[in-house]
Amino acid sequence: MTFDTAHELLEQYRAGGLKPTRVVSSILEKIEQLDSKIHAYVYVAGERALAEAKEIEQTRKKGPLAGIPIVIKDNICVEEEVTTCASKILEGFRPPYNAAVIEKLKTAGAILLGKSNMDEFAFGSSCETSVYGPTHNPWNLECVPGGSSGGSAAAVAGGLAVMALGSDTGGSIRQPAALCGIVGMKPTYGRVSRYGLIAFASSLDQIGPLTRDVRDAALLMNVIAGHDGRDSTSVETPVPDYTKALSKEIKGMKIGIPKEYFVGGIDPEVEKIVKEAIHCLEKLGAKVEPISLPNTEHAISVYYIVAPSEASSNLARFDGVQYGFRTQRTAYSVQRSEEQEPLRQMYFATRGEGFGKEAKRRIILGTYALSSGYYDAYYLKAQKVRTLIKNDFDRAFESYDCIVTPTSPTPAFKIGEKTSNPLQMYLSDIYTISANLAGIPAMSVPCGFTKQGLPVGLQLLAKPFAEETLFHVGYAYEQANEWHKRHPVL
Amino acid sequence: MQSKQPSELKEDQIRYVAKLAHLSLTEEEVKLYSHQLNDVLGYMAELAKVNVEKIEPTFHPLPIHNVFREDEVKPSLPVEKVLENAPAKESSFFKVPRVLPPV
């Protein structure tokens with residue numbers, strides 16, 4: 001039961017052999033038993049989850065996810081439940097409202113298990129910048145689970161939740177999904193409402209599913225996708241039934257393999273495994289051809305200008321006034337000028353004490369890139385190169401249905417290995433960030449294991465609002481293999 | 001305003017930018033960030049060689065424009081509920097340290 005998918009559980013509920021309370025209590029037991037080692041959760045809402053399960057049983061509530069336990073990344077607002085973005089500066093924050101996706105999950109009958117660990121404000125690729133300490137990869141506890149949705153990925157991979165919500169600004173759903181051996185999807189920008197998602201980079205952020213298989217990702221997308229008037233960037237395009245796209249037949253589908261994703265920095269074992277997966281797609285009848293996305297090499301530079309710029313602006317709201325942490329300092333130095341007024345001293349101290357190292361690093365980088373005189377050289381230049389990256393994809397999708405790449409250049413690395421070198425850490429996002437810059441949907445599916453037993457992910461990309469193509473190709477690949485049936489021994 | 005070329009982030013500049021961002025940093029942090037961000041900016045210098053003549057910036061990935069809606073009065077969050085999260089409050093207000101200098 002521990003590693004059952006949501007669709008398998010739903011089937012067992014329908015058949016009458018299994019009840020949500022039993023599933024919830026067995027997961028809670030597992031959390032109790034294993035989460036001291038994995039540390040996927042920052043908060044477990046055990047009693048409430050059990051009460052919700054009971055209610056669903058008693059009322060025989062129907063819904064596409066009725067009785068399915070799910071964990072929520074700690075940057076998505078759940079009413080009255082501590083939501084901190086794994087940052088000290090949001091210490092004790094209890095949102096007075098639910099995010100749009102939470103409303104939808106509740107209507108669908110899903111049971112909220114609690115909040116999952118993440119990099120502080122989603123700034124990171126390893127889950128190590130959390131104020132609560134790192135999450136461990138269920139496949140090897142000495143390794144990172146990836147990030148920033150590392151807690152969500154580790155919970156699903158380790159059997160501590162059936163499915164999870166994460167957010168993806170530069171790969172934060174796909175990279176941890178790859179490193180933990182599960183399915184993760186970043187929808188098209190605008191497909192899922194961001195209302196109630198605590199903003200990191202508003203032109204890049206999307207909420208999406210982390211699940212054990214492709215069908216579960218489709219089920220969860222059916223629930224969370226759709227227009228929401230409270231997010232003015234959410235789009236009115238109708239939401240199809242994504243499960244209808246799950247077909248094993250991909251004969252004749254045109255798949256492009258960008259050569260720029262197989263140079264430099266890629267781990268040879270990852271390269272070999274991904275190439276085998278591409279060969280499998282070919283055997284299934286897809287027409288696979290090499291393509292070029294020539295501006296790929298600029299993606300990291302563009303992203304690490306655009307994302308911190310937007311972040312430095314979004315994080316201005318954390319100042320110790322409306323919510324969260326305020327410095328304990330109450331004595332302020334004598335005011336000699338406007339700059340030294342006690343209110344400003346409180347802002348400086350609160351932010352200096354409340355933000356972690358990576359958050360401060362990005363605030364400084366972003367503020368610098370936006371500062372007077374440097375705007376043209378950094379921010380504006382980056383946004384223009386972003387157009388070139390987007391144009392590369394537009395051109396490719398004129399001839400191809402889907403683009404296939406590795407999700408991450410390496411398997412999970414050791415905890416602590418990259419923390420002292422931010423540039424090395426930033427480079428681990430090299431294959432995922434282009435999708436955010438271009439706004440296109442992308443998915444990671446498990447495609448094998450290294451000799452050390454660490455999972456590797458295959459990334460699929462499609463044109464805007466072509467999530468169905470990703471479900472189609474992802475499902476065909478998954479069903480032709482057995483990777484999603486392997487689980488870590490804990 | 002004349003546009004400046006990307007340059008090294010010296011410690012003084014880190015202090016200046018931190019001030020713009022309302023962020024107090026320790027001297028240790030100033031040194032660390034100056035060193036680390038120079039690495040990052042050094043890497044980004046590669047953007048200089050990209051030709052973007054006649055290329056429009058993509059501030060937003062989708063071609064969406066201003067979204068209008070009816071200007072209707074709708075209920076907003078209750079004041080008490082919002083104030084529950086405030087580190088300091090008084091009656092129905094957020095409370096902050098002194099703003100005006102003592103007379």
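Helices here are DSSP runs of H or I with at least four residues, strands are runs of E with at least two, and both are numbered from the N terminus. The structure is a predicted model, in which local features need pLDDT of at least 70 and side-chain atom pairs count only at pLDDT 80 or more, whereas totals for chains, interfaces and linings use all residues. Residues are numbered from 1 along each chain as its sequence is written, chains are lettered from A and ligands numbered from 1 in the order in which they are written, and side-chain values use heavy atoms, with hydrogens and water left out.

H2(A) covers residues 20-38 and H3(A) covers residues 46-59, and their axes come within 8 Å and cross at roughly 165 degrees. Axes are lines fitted to C-alpha atoms, for helices over the stretch in contact, and angles run from 0 to 180 degrees between N-to-C directions. H2(A) and H3(A) are therefore roughly antiparallel to each other; that label is for angles over 145 degrees, with under 35 counted as roughly parallel, 65 to 115 as roughly perpendicular and the rest as oblique. On the H2(A) side, the contact (heavy atoms within 4.5 Å) is made by A:Pro20, A:Thr21, A:Val24, A:Ser25 and A:Leu28. H3(A) brings in A:Gly46, A:Ala49, A:Leu50, A:Ala53, A:Lys54, A:Ile56 and A:Glu57. The residues of this contact split into seven nonpolar, three polar and two charged. In that count Ala, Val, Leu, Ile, Met, Phe, Trp, Tyr, Cys and Pro are nonpolar, Asp, Glu, Lys and Arg are charged, and the others, Gly among them, are polar. An α-helix has 3.6 residues a turn, so residues three or four places apart point the same way.

H2(A) isn't straight: it bends by about 40 degrees at A:Glu32, the bend being the angle between axes fitted to the seven residues ending there and the seven starting there. Its buried residues include A:Val23, A:Ile27, A:Lys30, A:Leu34, A:Asp35 and A:Ile38. Buried means under 20% relative accessible area, exposed means over 50% and partly exposed lies in between, using a 1.4 Å probe and protein chains only. The cover over the buried residues of H2(A) includes helix H1 (6-15), strand S1 (41-44), H3, strand S2 (69-73), strand S3 (111-116) and helix H5 (150-158) of chain A. A:Ile31, in H2 of chain A, counts as buried at 6% relative accessibility. Setting aside neighbours within four places in sequence, A:Ile31 touches A:Tyr41, A:Val44 and A:Leu160. A:Ile31 and A:Ala155 are 124 residues apart in sequence but 8.8 Å apart in space, C-alpha to C-alpha.

Over in H3 of chain A sits A:Glu52, which counts as buried at 17% relative accessibility. Leaving out residues up to four places away in sequence, A:Glu52 touches A:Lys106, A:Ala110, A:Ile111 and A:Leu112.

A:Val214, A:Arg215, A:Ala217, A:Ala218 and A:Met221 of H7(A) meet A:Glu467, A:Phe471, A:Gly474, A:Tyr475 and A:Glu478 of H15(A). By class, the residues of this contact are six nonpolar, one polar and three charged.

Now for the backbone. Most residues other than glycine have a negative phi, and most peptide bonds are trans. A:His39 has a positive phi, near 60 degrees, and lies in the loop between H2 and S1 of chain A. B:Lys54, also not a glycine, has a positive phi of about 65 degrees. B:Lys54 is in the loop between helix H2 (27-44) and helix H3 (79-83) of chain B and counts as exposed at 81% relative accessibility. The peptide bond from A:Gly147 to A:Ser148 is cis, with omega near 10 degrees; A:Ser148 belongs to the loop between S3 and H5 of chain A.

Finally, B:Lys95 follows strand S2 (93-94) of chain B and is partly exposed, at 41% relative accessible area. Residues up to four places away in sequence aside, B:Lys95 touches A:Arg326, B:Ala88, B:Lys89 and B:Glu90.
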